[in-house]
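Morning, everyone. Let me put the model up, and then I'll walk through a few local points before the chain relations.

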4 protein chains.
Amino acid sequence: MTLRERLHQQLHIGSWPNGKLTGLNIVVVWTILAAVGVSIAATEPLIREPYNREVLIAELIFGTIFLLEYLARIYAAPEREGPGSDWSKRWRFVISPIGLVDLLVVIVSLAPFFIANAAVLRVIRLLRIVSILKFSRFSAAMREIAGALKERSYDLLVCATLAFVLVLLGAAGLYWIEGAIQPQAFGSIPRALWWAVITLTTVGYGDVYPITPAGRLIGMVVAVGGVLLVALPTGIVAAAFSDAMQRRREAMRKALEEIEGNSNI
Amino acid sequence: MTLRERLHQQLHIGSWPNGKLTGLNIVVVWTILAAVGVSIAATEPLIREPYNREVLIAELIFGTIFLLEYLARIYAAPEREGPGSDWSKRWRFVISPIGLVDLLVVIVSLAPFFIANAAVLRVIRLLRIVSILKFSRFSAAMREIAGALKERSYDLLVCATLAFVLVLLGAAGLYWIEGAIQPQAFGSIPRALWWAVITLTTVGYGDVYPITPAGRLIGMVVAVGGVLLVALPTGIVAAAFSDAMQRRREAMRKALEEIEGNSNI
Amino acid sequence: MTLRERLHQQLHIGSWPNGKLTGLNIVVVWTILAAVGVSIAATEPLIREPYNREVLIAELIFGTIFLLEYLARIYAAPEREGPGSDWSKRWRFVISPIGLVDLLVVIVSLAPFFIANAAVLRVIRLLRIVSILKFSRFSAAMREIAGALKERSYDLLVCATLAFVLVLLGAAGLYWIEGAIQPQAFGSIPRALWWAVITLTTVGYGDVYPITPAGRLIGMVVAVGGVLLVALPTGIVAAAFSDAMQRRREAMRKALEEIEGNSNI
Amino acid sequence: MTLRERLHQQLHIGSWPNGKLTGLNIVVVWTILAAVGVSIAATEPLIREPYNREVLIAELIFGTIFLLEYLARIYAAPEREGPGSDWSKRWRFVISPIGLVDLLVVIVSLAPFFIANAAVLRVIRLLRIVSILKFSRFSAAMREIAGALKERSYDLLVCATLAFVLVLLGAAGLYWIEGAIQPQAFGSIPRALWWAVITLTTVGYGDVYPITPAGRLIGMVVAVGGVLLVALPTGIVAAAFSDAMQRRREAMRKALEEIEGNSNI
């Protein structure tokens, strides 16, 4: 096996026989987690100031690993299945969404060593959180979940519309009733929407709330509506998952029956 | 195809072959969304005052589109299926719920150009949110969901009754225990109901809360009851949806088996 | 049909052919609702004081209706199915739980007209909320739901235990970390339990919350645990309901197949 | 039956014919509950100080019961199934996880009578809450639930990842928008994470919340995302439970059919 084949096997999800993460991918996953962790911690002045040098070194290490990974992926791209010359396959990887994410991560990781402007650097540092998008490479399961939900997307859209109408009516109601009493909170429908969404999702910060009996009645309706609007999508999602699992089982039973039928002959 | 037939095809949901929204309906949907958006934004003084003229022009445009749509629907009404002369069909559309909604929206959209009284105008402006009811034309899916829930309406009613009893007992308990300590919040059962509903729905603004050990014990019971009373309707809704999907699948299987049975003969 | 038979038919749930509420039961249901409503409203000084006489009259009316209903139920009790003489059947109704509730409601409804002591009266007035227990007569559906949950009671008990352990560990953790900083809120585990329960149920009043990084970490764990501990019982309840519905459907299918099998012979 | 056999039967879960808790186990369960209750209450100065002596006596009693139970379990260990000499079976129980928990509970329960250092005692007192881990002996049902969830662990991991990404993006967004306005709450991503988690779990204490329109928009997105991220795992859990119940029923039906098939011969 050539180095290029081995690299491809190590970097490509699914090519490894037992379905587990390969050694190189484990390094990449941990580097992503560490890079995101460091870039989060580095925004905290209490951490940033005493450890400024350590943060810079860590960023340099992560950036170098991402650069090497990116180059290795380009080098090993011709091993991918499908027609085309080596260089056309490499070019296709570079301009694929996940290839562009890899490039972006390399750039934002190594930029601090080429750029001196502090304001630009601050933006780039924040952008480093996009490293987490590199995880989308491992997102087969997410696509499965998304597929199960897509079948029910029409029902979920209806739920969203109902929620939107309830939020709108709640906000309009409190604007009408308490707009003059609490102008800061309910002086316009856009302002009242903040209260309505935070109530319907049952978050309830308590920074704004109705104080008149009529306003509280509307508040109760929105709060109860929130409970029902949690129940509805949950029920739909549960049914969708349950259905997907049952379909799989029925398909397996049918396959088994066919095998039995053949063996009887 | 006459103009009237073409208009009907463009305006009527379901008459278009591929089930998608027709060109005219897309215009109507976007106009509704824009009209609701503008009437929400127009309640905000910070937006209203600098853009007063732009808002008026937008309202005039939306009102005119709704008026034209209304006239087109009346004109094309005879193309609907069913018996009756052209004019009786038109009259039936005008007095149907959705026809009255269309008329109301036209009136509240164009009223500002005929009425000068500021107080009346303010009410009419707020009423313009009813434009969103025009969406009920597209509500086939909502009726399906409502149908699935209706079968379980008795179970849901029991849940609602349990919730109501829990709210009542919680409010009575805190009125009894903390009525004298926090008279503003728990000085009567109607006042304590606000706290009880906001706790049972797990919104929890924090404007009122028990402060004595006994009151907090009741508060914990209501909060835990709230979690269970979310679980119950969610479970019922999930079972109802799951059941509806399974029934559909079984009906399909039976239909398939019959076809196979026929082909065996 | 004698008067006693007619009374029984009107008062007894289930004896009426079409399963709907009978005329007399409708009167009783509305009287219960009105009596509970009035006794709630009467605790509010702003309502109580100006309408003192109206409240008294309403209470007298409701008490009289409940008294007449109680006497009618005793009179018609012999029409119930089962062995025993007329008077033994009446006595069994009087000492049955629902009969005792009926008697209690009559007593607390009419007590204000025989007792003058204000403190005793205040307690009796509050007790009048027990009128709502008269609804338990209509609780067949609640028993069905309770039955479906009972089968899964062991799983639900495990959830409750997990929730209890999580609450306890969260409270102990914050007592350990912030007991000295916020002694009023976390100075002992019983005090910290209030915070833990209100967080786990995702109510979150905001009267007490952790302020140190370590305390907030524990707070996050309890909050996330709260979401999972909502998901778990909801999932169990949903599965229980789904299972009950499917069993009913399978039983029906089996019954249908048997009928078909018989008709084939 | 020897004393050792009787002790084993009384102490070992599952060896008793009817599956109910044995007399000795009931004593143990109540002692655990009482010990945890006393150690919780003892952290409250208002309870601790007036009842110091009573608490000490109770602790001594519970500690003695746990010690006797531990010795009895060691003595009866040879009755357990499996190969090995009496002493090797005893040693295996002592070093098993549940055996170590039993030993730890005995130590922390009786430590106050041998240690005088107040600071050490305070830690030991708090550790006494581990007594609740003795319940893990009864955790067969928990293992069943854990098993049902394990099959779906990949889906649940995806939900957790989605939740983590949403929390991270929400925190980064508010750090970007309101970091300068509310430095205490959003001055760094680690600080903003507290707000993001408390919002996503719909707890919503209200100690920190966005105050700018853009920040509120992000807050709404996180709050709505929180509702969906409750719906997703709930749906998965519900489907997993529903699936487990259905599999059990199908297995029973198959077993029944085989029995019928045999009896037909």
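C:Thr202 counts as buried, because its relative accessibility is 6%. Buried here means under 20% relative accessible area; exposed is over 50%, and partly exposed is in between, with a 1.4 Å probe and protein chains only. Where does C:Thr202 lie? It lies in the loop between helix H11 (189-200) and helix H12 (213-264) of chain C. Helices are DSSP runs of H or I with at least four residues, strands are runs of E with at least two, and both are numbered from the N terminus. The phi of C:Thr202 is near 60°, a positive value in a residue other than glycine.

Now chain D. D:Thr202 is in the loop between helix H11 (189-200) and helix H12 (213-264) of chain D. Its phi is near 60°, and that is positive in a non-glycine residue. D:Thr202 also counts as buried, at 6% relative accessibility.

Some ground rules. This is a predicted model, in which local features need pLDDT of at least 70 and side-chain atom pairs count only at pLDDT 80 or more, while totals for chains, interfaces and linings use all residues. Residues are numbered from 1 along each chain as its sequence is written, chains are lettered from A and ligands numbered from 1 in the order in which they are written, and side-chain values use heavy atoms, leaving out hydrogens and water.

Next, a glycine in chain B. B:Gly215 sits in helix H12 (residues 213-264) of chain B. Buried or exposed, at 0% relative accessibility? B:Gly215 counts as buried. Which residues does B:Gly215 touch, leaving out those up to four places away in sequence? They are B:Leu174, B:Ile177, B:Glu178 and B:Pro210. Contact means heavy atoms within 4.5 Å. B:Leu60 is elsewhere: 155 residues apart along the chain, with 56 Å between the C-alpha atoms of B:Gly215 and B:Leu60.

On to helix packing. In chain A, helix H5 (residues 86-95) and helix H6 (residues 97-110) pack at about 70°, with axes 4 Å apart. Axes are lines fitted to C-alpha atoms, for helices over the stretch in contact, and angles run from 0 to 180 degrees between N-to-C directions. H5(A) and H6(A) are therefore roughly perpendicular. The cut-offs: under 35 degrees is roughly parallel, over 145 roughly antiparallel, 65 to 115 roughly perpendicular, and the rest oblique. H5(A) contributes A:Phe93, A:Val94 and A:Ile95 to the contact, and H6(A) contributes A:Pro97, A:Gly99, A:Leu100 and A:Asp102. By class, that contact of H5(A) with H6(A) has five nonpolar residues, one polar and one charged. Nonpolar covers Ala, Val, Leu, Ile, Met, Phe, Trp, Tyr, Cys and Pro; charged covers Asp, Glu, Lys and Arg; the others, Gly among them, are polar.

Last, the copies. Chain A can be laid on chain B by a turn of 90° and a shift of 0.0 Å along the axis, with an RMSD of 0.1 Å. Superposition is by least squares on C-alpha atoms of residues with pLDDT of at least 70 in both. That is the relation of a four-fold axis. The copies use different surfaces, as 19% of the contact residues of chain A recur in chain B.

For chain A on chain C, the turn is 180°, the shift along the axis 0.1 Å and the RMSD 0.1 Å. That is a two-fold axis relation. Here the same surface serves both copies: 100% of the contact residues of chain A recur in chain C.
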